[in-house]
Amino acid sequence: MGKMGRSFRPQRVFQRAKINLSIPRKEGPRAVPPVWLKVLERIPPSDILTRPKPIPHRDPDPRQRHPRNIFKPQHITYPEDELRTTFFKDHPWELARPKVVVELDGKDGRYVDWSKGLRQPGRTVSGESVVQRQLWLMENVEAITKEQAYDTARKEFYDIRQQEDIQRRIAQEEARMVGGYFGKTRLQVSMELEDATYDKWKKWAESEALKLQAERESAYANFGNEDSATASGSEDPEPTV
């Protein structure tokens, strides 16, 4: 390290690479110089004396006389972040639904029109649809609050989920009419697991109750014997003449 905190390590990369290549090897093939070695010799890495200042994403606070962390990258926030936090806090099970994150050309967001509702071509209705719909209402509808936009988007979301459940139930009933078999439902499987766990706990509780009862009976049975043994041991032996 030199003065003013300057680092000369970038300029020494070429010398270090040449030294490593000049060291003979006992085994294995001869070391081949990398393709970037000639380029590094002609154009060595540069080193600046000052740290670059990151691009600011928000206006500085005028009340702060001595700003701190001016060289630290600022945290990037978006308006949707708070809306996502609110929605998934109220609907945590929406995170368990499978989602398709593959895009066609990286511009899928330009093909949607959130003014028409949550249903968009080529996209499934999810929590992100509610967030984008709420954001559109907040930015384009006059005199609407964040809570009102959230209630409007949430009501549309509930209606779509209810329609999907009805369609799924009707399709299942139609399939059963022609001989379809779907096995046990999730509720039936969970109830059977709960019953099996309860029966297992019941057997364990009965065995523990029998053990406690046996210990109590043995304690009562030995209570009189212990008193008689104590009384007989406390009597003095008769003197011998």
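## Nonpolar core

The largest nonpolar core has 9 residues in all: Phe 87, Phe 88, Leu 118, Val 125, Val 130, Tyr 150, Ala 153, Phe 157 and Ile 160. The biggest share comes from α5, with 4 residues. The model is a predicted one.

Leu 118 belongs to this core. Leaving aside residues up to four places away in sequence, Leu 118 touches Val 125, Ser 129, Val 130, Arg 133, Ala 153, Glu 156, Phe 157 and Ile 160.

## Helix α3 against α5

Helix α3 covers residues 79-90, and helix α5 covers residues 146-177. They pack at an angle of about 50°, with their axes 12 Å apart. That angle makes α3 oblique to α5. The crossing of α3 past α5 is right-handed.

On the α3 side, the contact involves Glu 82, Leu 83, Thr 86, Phe 87 and Asp 90. On the α5 side, Lys 146, Tyr 150 and Phe 157 take part. By class, this contact has 4 nonpolar, 1 polar and 3 charged residues.

## Helix α4 against α5

Helix α4 spans residues 127-140. Its angle with α5 is about 140°, and the two axes lie 9 Å apart. Roughly antiparallel would need an angle over 145 degrees; α4 and α5 are therefore oblique to each other. Here too the crossing is right-handed.

From α4, the contact draws on Val 130, Arg 133, Gln 134, Leu 137 and Met 138. From α5, these residues meet Lys 146, Ala 149, Tyr 150, Thr 152, Ala 153, Arg 154, Glu 156 and Phe 157. The contact divides into 7 nonpolar, 2 polar and 4 charged residues.

Lys 146, Tyr 150 and Phe 157 of α5 meet α4, and these residues meet α3 as well.

## Ser 126 in the loop

Ser 126 sits in the loop between α3 and α4. Its relative accessible area is 15%, so Ser 126 is buried; the cut-off is under 20%.

Beyond residues up to four places away in sequence, Ser 126 touches Phe 157 and Arg 161.

Technical notes: Residues numbered from 1 in each chain as written. Predicted model: local features only at pLDDT ≥ 70, side-chain atom pairs only at ≥ 80, totals over all residues. Heavy atoms only, no water. Axes fitted to C-alpha atoms, helices over the stretch in contact; angles between N-to-C directions. Helix = DSSP H or I, 4+ residues; strand = E, 2+ residues; numbered from the N terminus. Parallel < 35°, antiparallel > 145°, perpendicular 65-115°, else oblique. Left-handed = near helix turned anticlockwise from the far one by under 90°. Contact = heavy atoms within 4.5 Å. Nonpolar A, V, L, I, M, F, W, Y, C, P; charged D, E, K, R; others polar. Core = buried A, V, L, I, M, F, W, Y, C linked by side-chain atoms within 4.5 Å. Buried < 20%, exposed > 50% of the residue type's maximum accessible area, 1.4 Å probe, protein only.
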